[in-house]
Amino acid sequence: MPLNENFIQDLKLKTDIYDIVSTYVTLKKRGRTYVGLCPFHNEKTPSFTVYPDTESFYCFGCGAGGDAVGFMKRIENLDYIDAVKALAQRAGMQMPDESTYDDSLAKKRRIILEINRESAKFFNSYMMSDEGKAGHNYFLNRGLSENTIKRFGLGYAPNSWDMLLKHLKGLGYSINDMADAGVIKKGEKGYYDNFRNRVMTPIIDVRGNVIAFGGRVLDDSKPKYINTGDTLVYKKTNELFALNLAKDSGSETIILCEGYMDVIAMHQAGFTNAVAGCGTALTSEQVRLISRYAKEVILAYDADEAGQKARDKAVTLFNQTDIKIKIPILSGGKDPDEIIKNLGKERFKGMLLGASNEIEFAILSAKNKYELNSTQGKIDFINECIKYLVNASPVEQDLYISRISEELGVEKRSIKLQLDEYKQKVKRRSSAKEYRAIVNDSIRESRKQEITSSATTRQIKAEQRLLGILMLYPDCIKLCENFDTQQLSAGFIRNTFELTCEKINNGLDTDLINYSSKLSDNEMGMLSGIIARSNNSLDAKKEFNDCLKILSEEFDKKNNNTSSMNDDEFRNLFRKTNNNMRRR
C-alpha cells in the first residue's frame, strides 16, 4: 500500500528542494534556477540544475534527476520509505502509521542493520573474554590502545562454525536475514559463520550504522582478508572506512590511505581526518563522497608498486573534481602505520605538511630517474615534465618552466616552445579520439533504436514534449478526449502518460514527488529531463495539439506501411528484419 497522498502533499509543501540539495552541493543562482557540480558524477563544468518552480533537479551530464525524495535516495543510498522519513524528520512531520503503507524494504534494511550491530557487539564481547584473548592481543601488539579499540568497535570472530549464527538465532533473527546481512553463508552441510578466527573491523556509515565488516587472519594464512559483500545496506564502491569519524574532525582536508589499520593508527596518533577505501580500488563514487566533506585530499598511499599505481589512479579521479590534491613523500616505512611506529607522529606530520601538489610531486619524482648532469638526462627529464604540465594552468606552466629552466640551464623559451608543440599533438589526438567515440556511440544508438523501437525521432520528440506539457499544464488533458494512448511508445512514455492522466482525473497534483514511489531512479531521471526541456511554453495548448497531430500522423504512417502489404510481403519484411538482427 503506497503512502497517503495527503501526507505526500503536506511533505511537498514543507520541503524546499533548494534547501535539501544545497546541504550537499554548492549552488549558484542562474535566472530562475540554480546550478552546481553534479554530486552523482565527476565534472568540472556545472551541468547539475535545480528547478525551484517544479521542485526538481536534473543533470544534463549524467541524466540523474527527480524530486527531493529521489535526491535523498541517491545521495544517502536510501530506499524510498527511508528517504521520505528523512525528509519528514527535517520538516518536523510525523510519519503515518506503518500499517497504512508498505514498508517491507525499509524494514528489511533495518533488520540487516540490527543484525550487523548485534554481530559487532558479539565480536567485541568475545574478544574481551578469556576465549578471545588472541584477537585482543593482536590489536595490542599492533600498538593500539584500549581506547582506540573501543572507539573503532574492534572485535574477534571465534574459531567456530556457527557460534555467531546461534547467538543471532537466540535473539530472534532468521537464517535468511542473517544470510542477507552477509554474516553467515550456506555450504553443502548447511549454514555457517562467514567470519571465523579473524580480528574484526566494523565498517560504519556516516549515520552511525554498522553496514559491513572486514576480517583479517591472525597469521599469514590465506585468504588474508574477508570482507562483507554487497548487501541491501552496503555497497563497497560507495563507502569509505572511518568517514563517520573524519567528517567531524573539523578539518577541510581528508587523508586518504589504503588499509583499515593505517587509518586506525593515524586516528590514534591524532590524524582524525584519515579514511580508506573498503577493500576495493578507489572509485568515482568514493571521490564524490570525499568532495562532500573536504576541499583538499592528501594521498598517503603505501610506498610499494601497488600503492603507487593506486595513487596514480586516485590522481586521475580527483583531477575530474575541484578538490585540491596533495601527495607527501613518505619514508621510514612501507605504510603510514609503520612510519608512525618507526619515526613517531611528529615526523609523519612533517611529511604531510610538506606534501606537494600532483605536478610538483611528479617533477620531484622524475628528478630521481634521470642523470641531470648529462645532456640526454636533461632532455629526457624535460620531455617527462612537459607531459605533466600540459594540463596545468598558464600560471603553473610559467612558474614550473621558469624553475626547470633555471635548474637545468636551458632557455625558458625553448621549453615553452616544446610544451606548445606537445599541446597541439595532444589536442589532435584528443580530437580524433572524441570523433571516433561520437561515431561509435551514434552507431550503437542507431542500432539499439532499430532493435528496441520502431519510433521515429519525430515521434520520440513529440511524445516527450506531450508528456512534459501535460505535467506542467494539466489543463491540457481536455484535449485528449479522442487520443488513443496506443499511439505512444510502449513502456516508460505510455505508462507515465497514463499515470499522469489518472492523477489529473482524480484531482491530484502532477508534481514529481507524486511519482517517486511508482518510477525507478532511471525513469525519474528521464522524466526530470523531459520536464526541464518542457519549461516556458509560449502556447501550451497549441504545442500540445501539434504533438497530438504529429503522433497521429506517425501512427497512421506506421500502420499504412504494413496494412497495405499482402501476406507474402509482410512475411518477407519479418524475415528480413530477423536476418538483420542475426547479422548484428
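This report walks through the main features of a predicted model of one protein chain.

## The chain as a whole

Let's begin with the overall picture. The protein chain has 584 residues, of which 45% count as buried. Its secondary structure comes to 24 helices and 16 strands, and the C-alpha trace spans about 85 × 75 × 55 Å along its principal axes.

Contacts also tell us how the chain folds back on itself. Taking those between residues at least 6 apart in sequence, 62% join residues at least 24 apart.

If you look inside the model, you will find a largest nonpolar core of 57 residues, in which Phe-139 and Phe-241 have the most contacts. Helix H5, residues 104-127, gives the most to this core, with eight residues. A second, separate core has 35 residues, including Tyr-34, Leu-78, Ile-81 and Ala-106.

Leaving aside its neighbours within four places in sequence, Phe-139 is in contact with Met-127, Leu-144, Ile-149, Leu-154, Gly-155, Val-199, Met-200 and Met-261.

Next comes an open sheet of five strands, with mixed pairing and the order S12-S14-S13-S15-S16. S12 and S16 (324-326) are the edge strands, each pairing on one side only. Between S12 and S14 the pairing is antiparallel and runs over two bridges; Leu-240 stands opposite Gly-277 in S14. Helix H13 packs on the sheet, where H13 touches S13, S15 (296-299) and S16, and the direction of H13 makes about 165° with that of S15.

Helix H12 (residues 284-293) has five names to look for among its residues: Gln-286, Val-287, Arg-288, Leu-289 and Ile-290 are the buried ones. Their cover includes strands S12 (240-241), S13 (253-257) and S14 (274-277), together with helices H10 (243-246) and H13 (305-318).

## Cysteines without disulfides

The structure holds zero disulfides. For Cys-38, the nearest cysteine sulfur belongs to Cys-59 and is 3.6 Å away. A disulfide here requires sulfur atoms within 2.5 Å, so Cys-38 is in no disulfide. Cys-38 is buried, with a relative accessible area of 6%.

Cys-476 is in no disulfide either, and its nearest cysteine sulfur, that of Cys-480, is 7.8 Å away. Cys-476 counts as buried because its relative accessible area is 1%, and the cut-off for buried is under 20%.

## Two loop residues

Ser-160 lies in the loop between strand S6 (155-157) and helix H8 (163-170). Its relative accessible area is 18%, so Ser-160 counts as buried. The side chain of Ser-160 reaches the backbone nitrogen of Met-163 at 3.3 Å. Setting aside neighbours within four places in sequence, Ser-160 is in contact with Asp-193 and Arg-196.

Ala-490 sits in the loop between helix H20 (457-472) and helix H21 (492-505). With 62% relative accessibility, Ala-490 counts as exposed, because exposed means over 50%. Ala-490 and Lys-549 are 59 residues apart in sequence, and from C-alpha to C-alpha they are 18 Å apart in space.

Key:
Residues are numbered from 1 along each chain as its sequence is written. This is a predicted model: local features need pLDDT of at least 70, side-chain atom pairs count only at pLDDT 80 or more; totals for chains, interfaces and linings use all residues. Side-chain values use heavy atoms; hydrogens and water are left out. A nonpolar core is a set of buried Ala, Val, Leu, Ile, Met, Phe, Trp, Tyr and Cys residues joined through side-chain atoms within 4.5 Å. Buried means under 20% relative accessible area, exposed over 50%, partly exposed in between (1.4 Å probe, protein chains only). Helices (H or I, at least four residues) and strands (E, at least two) are DSSP runs, numbered from the N terminus. Contact means heavy atoms within 4.5 Å. Two strands pair if DSSP finds at least two bridges between them. Axes are lines fitted to C-alpha atoms, for helices over the stretch in contact, and angles run from 0 to 180 degrees between N-to-C directions. A polar contact is a pair of N or O atoms within 3.5 Å; within protein, one must be able to donate a hydrogen and the other to accept it, and residues adjacent in sequence count only if both atoms are side-chain atoms.
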